[in-house]
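Me: I am new to reading protein models. Can we go through one together, question by question?

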Amino acid sequence: MAYDAKFMERAIKLAKLGIGRVDPNPLVGAVIVRDGKIIGEGYHTGYGMPHAEREAINSLTESARGAEMYVTLEPCAHTGKQPPCTAAILDQGIRTVYVGSMDPNPKVNGRGIWTLRQHGVEVVTGCMKKECDALNPMYFHYITTKRPYVTLKYAMTIDGKIATTTGASRYISGDFARGRVRGLRNQYPAIMVGIGTVLADDPMLDNRRQKDRTPTRIICDTHLQIPLDSKVVQTASKIETFIVASERISEEAKENIPKLEEAGAHVLLIPEKDGHIDLEVLMEKMGEMEINGIMSEGGGNLSWSLLRDGLVNEVVVFTAPKIFGGITAMTPVEGEGVNFVEDALPLYLVESEILPGGDIYARYIVGEEPEEEENMDIETAEPRPIAKIQSTPAPQPPEGFQEQAAAAAPVKEEKATSDGWTEADPGTGDSSDGWDEADDIPVQETTPSDGTEDDAGTRPVELESRIVTEVLSADLNPFNIEGRD
Ligand code: AOF
Ligand code: ZN
């Protein structure tokens, strides 16, 4: 069967069911197809849990021998908390794998695709790449930088104010927009605000959705001014909370640390930069704690410092159809600002929507808009019969294998065998590098399954559709979170 985008769309929907549960791992969905029919599907359900590919294999209703897999992320070829997915794919005798995103994890990074091709599996990359990439901006940033992906979020009036001249700010946007914000919070492992926001609004900073996880709260509080009776401190034993202050706080302020810790908060003292906590150091520390994403909700000074230090990845803005006016009314980004128009920070719009209530939602990525990346030419990739798999030690990838992996056509030379099937080059190399499990795979039979044989990996039919049912009954597009909860 030729590539059919509807199966990758399905894999993307499945991947989204893991939102809020998999960090710092990626969202991944996988679908196994034979003759245009789904015979297995799954997604990564939680950190440390089986990968999407194995979930799909575990849900198979018949043998996957000779079938196709659609997977939103390059299958892994290393042993982490889970065994390599490439081994499972080879074990099942899957003939073709359609891949969405490449996996920039240095432990994978083309090795998954290379390994599969090396064993004669047809691999087509770049399938709905843009849509698959959009699943995991946090993961891609974190796995390559070891720092959290930071989203700046604020609500303002159409004259660019986040409060009135008296400091009143409740509420700028309507019910629906505020519900959307709570939904957004569920997508981030942490929420961050400056102490000014806590002193002005005494917010809870939770997502108020019992069924969802509650993100960690980070309060940037240079001088450790946070009141012990603030809601954040009062609920710190229930919701993980970091109060981040300067190493140089006064002795008097230091006396509050045991009280804050008794209430359940973690106090983090870090170096200062320009009279504020050094946000780069904070980001490094958060990365070390495996926090791969932070939604920063202001105020204006914290937002400026984050932007100035180049720590912001995207900006989400809710613009309310209201005008406050007033020269002293606060704006979303304060600090020194830039002097010249040419110095403005460039951003580009990736999503926008007019919400019920008239608020405008807009999402921007920081930086210059990249040139549209072409999806690979999947039409030209000819499905080929499965190879006979050789039991050889895992060879080392050749120079430039990452670039080759990203190309649509298979990279290896194929030798036609006398029976017309193809055979992977045996290759050479060390087998002790942790991603050679696939070599224990037995020689594959080339007869396509008729669905009745009792192949290894075949699951009884009664196990079918566990995920199908879940998907159908779930919100198929959890990113479009409902406004009210
Ligand atoms: C996932 N889920 O469905 C896939 C992942 O520690 P481990 O074994 O869970 O490995 C995590 C890595 O595996 C992750 O960084 C990514 O490179 C790869 N693929 N991870 O959590 C999945 N397919
Ligand atoms: Zn995997």
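Predicted model: local features only at pLDDT ≥ 70, side-chain atom pairs only at ≥ 80, totals over all residues.

Me: Which atoms coordinate the zinc ion (ligand 2)?
Reply: The contacts to the zinc ion (ligand 2) run at 2.0 to 2.2 Å. Along the chain, the donors follow the spacing H-x24-C-x8-C. The atoms are His51 (ND1), Cys76 (SG) and Cys85 (SG).

Me: How many residues apart in sequence are the parts tied together by histidine 51 and cysteine 85?
Reply: Both residues coordinate the zinc ion (ligand 2). Histidine 51 sits in the loop between strand 2 (37-43) and helix 2 (52-58), and cysteine 85 sits in helix 3 (residues 85-92), so the pair ties together parts whose distance in sequence is 34 residues.

Me: Is cysteine 85 buried or exposed?
Reply: Buried means under 20% relative accessible area. Cysteine 85 has 0% relative accessibility, so it counts as buried.

Me: What is the strand order in the open sheet of nine strands?
Reply: The pairing in this sheet is mixed. Its edge strands are strand 10 (266-270) and strand 15 (347-354), and each pairs on one side only. Neighbouring strands are turned by 20° against each other on average, direction ignored. The order is 10-9-8-7-13-6-14-16-15.

Me: Which residue is the bridge partner of cysteine 220 in strand 9?
Reply: Strands of a sheet pair through backbone hydrogen bonds, either parallel or antiparallel. Strand 8 (residues 216-220) and strand 9 (residues 241-246) run parallel, joined by four bridges. The partner of cysteine 220 is valine 244.

Me: At what angle does helix 7 run to strand 14?
Reply: Helix 7 (residues 175-185) lies across several strands, including strand 6 (149-157), strand 7 (190-194) and strand 13 (293-296). Strand 14 (314-320) is another one of them. The angle between helix 7 and strand 14 is about 165°.

Me: How many residues of strand 3 are buried?
Reply: Strand 3 (residues 68-73) has partners to pair with. Four bridges join it to strand 1 (residues 29-34), antiparallel, with isoleucine 32 opposite methionine 69. Five bridges join strand 3 to strand 4 (residues 96-101), parallel, with valine 71 opposite valine 99. Strand 3 is mostly covered, and the buried count is six of its six residues.

Me: Which elements do the buried residues of helix 13 pack against?
Reply: Helix 13 (residues 300-308) has seven of its nine residues buried. Among them are Leu302, Trp304 and Leu306. The buried residues pack against strand 6, strand 7, strand 8, helix 12 (279-288) and strand 13.

Me: Which residues lie nearest the centre of the second largest pocket?
Reply: About 1,200 Å³ of space lies in this pocket. Elements giving two or more residues to its lining include helix 7, helix 8 (195-201) and helix 13. The lining has 48 residues, and those nearest the centre are Val193, Thr197, Asp201, Glu297 and Gly298.

Me: Where is glycine 299, which is joined to glycine 298 by a cis peptide bond?
Reply: Most residues other than glycine have a negative phi, and most peptide bonds are trans. The bond between glycine 298 and glycine 299 is cis, with omega about 5°. Glycine 299 is in the loop between strand 13 and helix 13.

Me: What is the omega of the cis peptide bond between arginine 170 and tyrosine 171?
Reply: Tyrosine 171 lies in the loop between strand 6 and helix 7. A cis bond joins it to arginine 170, and omega is about -15°.

Me: What is the phi of aspartate 202?
Reply: Aspartate 202 is in the loop between helix 8 and strand 8. With 25% relative accessibility, it counts as partly exposed. Aspartate 202 is not a glycine, yet its phi is positive, at about 45°.

Me: Which residues does isoleucine 323 touch, not counting residues up to four places away in sequence?
Reply: Isoleucine 323 is in the loop between strand 14 and strand 15. It counts as exposed, at 61% relative accessibility. Threonine 157 is 166 residues away in sequence, but 5.6 Å away in space, C-alpha to C-alpha. The residues touched are Thr157, Ile158 and Asp159.

Terms used: Residues numbered from 1 in each chain as written. Chains lettered and ligands numbered in written order. Heavy atoms only, no water. Donors = N, O, S within 2.8 Å, 3.2 Å for Na, K, Ca; no water. Buried < 20%, exposed > 50% of the residue type's maximum accessible area, 1.4 Å probe, protein only. Pairing = 2+ DSSP bridges. Axes fitted to C-alpha atoms, helices over the stretch in contact; angles between N-to-C directions. Contact = heavy atoms within 4.5 Å. 1 Å grid on protein atoms, 1.4 Å probe; cavity = no way out; pocket = protein on both sides within 12 Å on 5 of 7 lines; lining within 4 Å. Points joined across faces, edges and corners; volume = space filled by probe spheres on them.
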